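Subject: Structure for your files, with notes

Hello,

Here is the structure we talked about handing over. My notes follow below it.

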Amino acid sequence: MADLQRPTLCCCRKVLTVPTKPSEAPRALGQCHLVDVASASNFHSFRLRHFHLDLNINFALKRMTGWQVLELLPVQPGVQSLILDTHPSLLIHSIDCKVPGASGGPDHFLSLSYRVEPFTDYGSSLNITLPAAVIRPHRAFRVTVRYTTTDGPAIWWLDTELTCGQTRPLVFTQGHSVCNRSFFPCFDTPAVKSTYSATVRVPDGVTVLMSASRSAYSKQDRLFQFSMEYPVPAYLVALVAGDLQHADIGPRSRVWAERCILTCAVSKLGGSVERCLNVAEELFGPYVWGRYDIVFLPPSFPIVAMENPCLTFIISSILESQEFLLIDVIHEIAHGWFGNAVTNGTWEEMWLSEGLATYAQRRITTEAYGEALTCLETVFRLDALHRQMRLLGDNNPVSKLQAKFEPGVNPSSLMNLFTYEKGFCFVSYLSQLCGDIKKFDNFLKAYIEQFRFSSVVAQDLLDFFLGFFPELKESCVAKREGLEFERWLNDCGPPLCEPDLSAGGALTGPVQRLCDLWGVEAPDPQAIATFDLSTWSTFQTVLFLDRLLDRSPLPQEVMSLLSSCYSALLDEMNAEVRIRWLQIVVRNSFYPDLHRVRSFLHKHTSRMYTVPLYEDLCGGVMKCFAVEVFYQTQARLHPNLRKTLQQILFHTGPANASATDPPLLDTPTEPPTSGAIALRDVNVSA
């Protein structure tokens with residue numbers, strides 16, 4: 001980057017302009033009634049107008065040190081303290097406040113007393129006593145918190161050998177759902193949105209990116225500056241710093257990655273990002289964030305993708321599968337409208353972001369790539385949903401769209417396929433009620449316009465829907481027997497109905513016919529040979545393998561025939577395909593192909609590919625093999641993943657699955673059996 005005296009251009013290609021007058025708080029409907037049991041803060045008592053971070057990144061010590069300035073406006077009388085969410089790993093050094101001088105005299109800074117108290121195993125409360133001179137009705141004030149981060153769950157430090165290029169260490173943050181309280185003290189609830197700015201100092205040769213709309217860089221000072229001019233919740237503030245290069249892939253999109261994977265990332269994405277952005281804008285209105293950049297992170301990234309505004313984070317492992325990459329990118333694009341612009345008011349209604357984003361993703365896919373692909377991908381995901389349903393049972397409360405959880409429960413435990421797919425089915429049902437998908441597109445466009453930059457609850461969406469379609473309200477569709485809106489939201493179990501996916505029959509039909517051929521007692525090799533998997537798409541192949549996996553255990557003679565037909569072919573395919581074949585190998589104890597499992601685990605070090613196989617290996621008779629492979633590969637695993645695998649292998653107990661680890665969602669405590677679910681079946685992108 002150029003070394004200029006004036007602010008220069010960085011990831012967003014815009015000159016930094018830190019707002020001197022932060023934007024007013026977004027519209028928020030019904031927030032006085034919202035209760036967020038995952039937050040210890042008194043966010044109802046204040047309006048957070050803006051906050052600023054000033055950080056120094058120390059890779060040697062694996063720490064960030066600096067301060068945060070919060071600009072707050074009291075909105076309730078009699079408030080005597082400010083309570084923020086924090087984390088035991090975040091070390092508070094001091095807190096002070098700017099106090100107006102008496103009789104027009106100069107302002108002065110007052111040191112504030114504070115205490116940190118336990119809240120849950122994923123956070124603490126920071127209770128700051130405010131002097132009476134500060135609390136004046138409808139008058140903003142600023143609080144400065146000086147602190148140091150250590151090994152909290154939001155901040156992932158990668159040693160050089162854990163990066164793709166192995167040239168420099170790298171650090172990234174992952175705030176969803178309630179992790180960013182270990183990055184900076186905050187109102188860690190999706191109900192609160194604000195603008196923010198940041199100044200970050202790093203060593204020479206390190207590039208810093210943030211989920212911000214504007215940025216600048218001073219090479220002389222090794223200093224990056226960022227500004228997010230649109231209000232966002234705390235969990236969408238994200239940072240990555242390392243040896244990152246970039247390439248433009250469109251007029252408002254840029255790919256960031258380590259040099260060794262940049263060319264691959266650019267070639268896989270091509271012009272698809274701008275194409276999908278244009279389609280999304282036609283469907284849902286303007287893309288308000290300006291930039292849509294993507295950074296590809298090493299395999300240690302704990303999920304598939306994260307929709308941080310202006311800068312989507314994606315795991316580099318997904319580059320192997322162009323189809324999965326495309327769908328994941330479209331899903332994160334959809335979050336620009338559903339989730340980022342309009343956000344669920346509490347984590348108990350996460351479906352408002354994920355269900356709507358999944359629906360929007362499929363509308364974009366249909367318009368850009370055709371209905372058949374959309375239906376195929378949907379069949380694949382709904383298969384996974386029903387697989388999860390068989391594991392959990394019809395009455396498990398996590399299958400509710402409005403999932404209630406008790407204080408102390410980590411909201412991340414609600415991240416399951418119901419949030420996505422049952423939510424999608426409900427939104428699809430609302431679309432069907434309209435009788436015209438274009439009319440529903442117009443409704444969603446109006447919904448975004450109405451609630452942009454605010455946080456909502458389900459009642460906001462449904463009231464707006466019935467107001468937009470008064471004829472549906474008059475016909476009482478909300479209380480239609482068997483399909484009542486209340487049942488959609490609060491009943492356990494599968495979706496009350498699913499959309500018609502027959503338009504994908506040309507792609508899903510051959511898959512089911514081949515599955516049927518393998519389902520008989522003595523499969524006919526000649527009939528099977530008429531199906532050429534090398535001509536199939538990735539989604540067809542993984543759908544086929546998932547359905548075979550559902551039928552495990554299989555007779556050994558069938559496994560032998562499967563291996564002779566497909567092993568060599570599948571070896572040449574991407575990791576999304578290979579892991580499913582290897583799960584079939586493991587669940588059926590098919591030793592002739594066990595060397596393929598070893599090779600796969602030596603190559604792949606991401607959570608999404610390792611955990612499912614280790615679960616299956618330990619659930620069967622191959623635990624000794626799993627332990628052997630773990631010891632051979634553990635040096636190349638991120639410490640958090642290493643702890644998770646140690647827990648699987650050695651039953652070391654919950655203590656080793658620290659708060660730094662993303663939760664293992666709905667993991668079976670018993671070995672998988674036929675029809676059971678592995679972690680692979682519930683792995684979802686954000």
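How many salt bridges are there? The count comes to 35, where a salt bridge is a side-chain nitrogen of Lys or Arg within 4 Å of a carboxyl oxygen of Asp or Glu.

Before the details, the basis of the values. This is a predicted model, in which local features need pLDDT of at least 70 and side-chain atom pairs count only at pLDDT 80 or more, while totals for chains, interfaces and linings use all residues. Residues are numbered from 1 along each chain as its sequence is written, and side-chain values use heavy atoms, with hydrogens and water left out.

Overall

The protein chain has 19 helices and 22 strands; these are DSSP runs numbered from the N terminus, with helices being H or I of at least four residues and strands E of at least two. Of its 686 residues, 61% count as buried. Buried means under 20% relative accessible area, exposed means over 50%, and partly exposed lies in between (1.4 Å probe, protein chains only). Among contacts (heavy atoms within 4.5 Å) between residues at least 6 apart in sequence, 74% join residues at least 24 apart. L641 belongs to helix α19 (residues 639-650) and, at 5% relative accessibility, counts as buried.

Salt bridges

E274 and R252 form a salt bridge at 3.1 Å, N to O. E274 is in helix α2 (residues 272-284) and R252 in the loop between β16 (245-250) and β17 (253-257), so the pair ties together parts 22 residues apart in sequence. Both E274 and R252 are buried.

In R115 and E117, the closest N and O atoms of the salt bridge are 2.6 Å apart. R115 counts as partly exposed at 41% relative accessibility, and E117 counts as partly exposed at 31%.

E377 and R381 form another salt bridge, with the closest N and O atoms 3.0 Å apart. The two are four residues apart in helix α5, so about one helical turn separates them. E377 is buried at 2% relative accessibility, and R381 is buried at 17%. Salt bridges with shared partners also join R387, R390, D546, D550, E576 and R580 into one network.

Helices

Helix α11 (residues 505-518) has 14 residues and spans 19 Å from its first C-alpha to its last, close to the 20 Å expected at 1.5 Å a residue; the expected span is 1.5 Å times one less than the number of residues. Its buried residues are T508, G509, P510, V511, L514, C515 and W518. Their cover includes α5 (371-392), α12 (525-528), α13 (538-550) and α14 (556-571).

The axes of α15 (residues 575-587) and α17 (residues 607-619) come within 9 Å and cross at roughly 10°. The axes are lines fitted to C-alpha atoms over the stretch in contact, with angles from 0 to 180 degrees between N-to-C directions. The two helices α15 and α17 are therefore roughly parallel (angles under 35 degrees; over 145 is roughly antiparallel, 65 to 115 roughly perpendicular and the rest oblique). On the α15 side, the contact includes I579, L582 and V586, and on the α17 side M608, L613 and L617.

Regards
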